[in-house]
Amino acid sequence: LLNLDILNLTDRWTDRRTDRRTDAFTAFRKPRWEEEEEEEDYEVAGLKLRPRRAARGKQSAAMYSLRQGRHQRKKQSLHPARGPRQRAAPVNGTDIDELVLQTKKMARRQNLELQKCEEILSKLIKYRFSWPFREPVTTEEAEDYFEVISSPMDFQTMQSKCSCGNYRSVQEFLSDMKQVFSNAERYNQNGSHVLSCLEKTEQCLIDMVHKHLPGHTYARRKRKKLSARCQGLEEQEGDSESEPTEHSR
């Protein structure tokens, strides 16, 4: 008996629940006769009601096309249209061979020029007026030499650089030559025997460069002003009538 009573109660509860759902659905939905009247009114006006599903499908398609258009416009604004990429011309085997030959010729020419530079240096060392520039200056010869000259250079140092292969081009070799003569011009005073040797040795260098290295030129900017050391010696001449000592380098 208890089981039967429980079954009866559950059946009543489920019936009430279904009745409530159907009532809520019918309350929300329009009556059939109202829907038929609306359709008749639209047909009289020349319109026709469309099914909701079809309308929703077309509406979603329109929204999708609108979004696609916006996406395309945004993409075009961010990435403007580019022209066709120009492809690099294919390199032939003959072009590569020509480049290899040119590089070999340039390297061979550079080696020959450096050999000529070494020959010019050896001839300058043997030149009789180049004695002030053959070896490095020591403090015994000139105490204040390294106070005046910050970058010393001489033919012996250049010869060691040639033998070690430190020179990569003719310009580096000629720049060291300019340094040798500029140091001598800066340290020694006007009228010294070193400056006369400088003029003769530099002229010999110019002649040999013109002869053995026709593609290169040597030009050095000569100093017109005396160094501070030479000016100090000239001021001392007013105090003492003794002649100033001549410097070797």
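This is a predicted model: local features need pLDDT of at least 70, side-chain atom pairs count only at pLDDT 80 or more; totals for chains, interfaces and linings use all residues.

Residues are numbered from 1 along each chain as its sequence is written, and side-chain values use heavy atoms, with hydrogens and water left out.

Entry 1, the loop residue. I found Ser 130 in the loop between H4 and helix H5 (145-148); helices are DSSP runs of H or I, at least four residues, numbered from the N terminus. Is Ser 130 buried or exposed? Ser 130 has 0% relative accessibility and so counts as buried (under 20% relative accessible area, 1.4 Å probe, protein chains only). Leaving out residues up to four places away in sequence, I see Ser 130 touch Leu 124, Ile 125, Phe 155 and Thr 201. Its side chain reaches the backbone oxygen of Leu 124 at 2.5 Å.

I looked up the axes of H4 and helix H8 (residues 193-212): they come within 11 Å and cross at roughly 150°. Axes here are lines fitted to C-alpha atoms over the stretch in contact, with angles from 0 to 180 degrees between N-to-C directions. H4 and H8 are therefore roughly antiparallel (angles over 145 degrees). From H4, Lys 116, Ile 120, Lys 123 and Leu 124 meet H8 residues including Thr 201 and Leu 205.

Helix H4 (residues 93-126) packs on helix H7 (residues 170-187) at about 20°, axes 9 Å apart. The H4 side of this contact includes Leu 121 and Leu 124, and the H7 side includes Phe 173.

Terms used. Helices (H or I, at least four residues) and strands (E, at least two) are DSSP runs, numbered from the N terminus. Contact means heavy atoms within 4.5 Å. Angles under 35 degrees count as roughly parallel, over 145 as roughly antiparallel, 65 to 115 as roughly perpendicular and the rest as oblique. Buried means under 20% relative accessible area, exposed over 50%, partly exposed in between (1.4 Å probe, protein chains only). A polar contact is a pair of N or O atoms within 3.5 Å; within protein, one must be able to donate a hydrogen and the other to accept it, and residues adjacent in sequence count only if both atoms are side-chain atoms.
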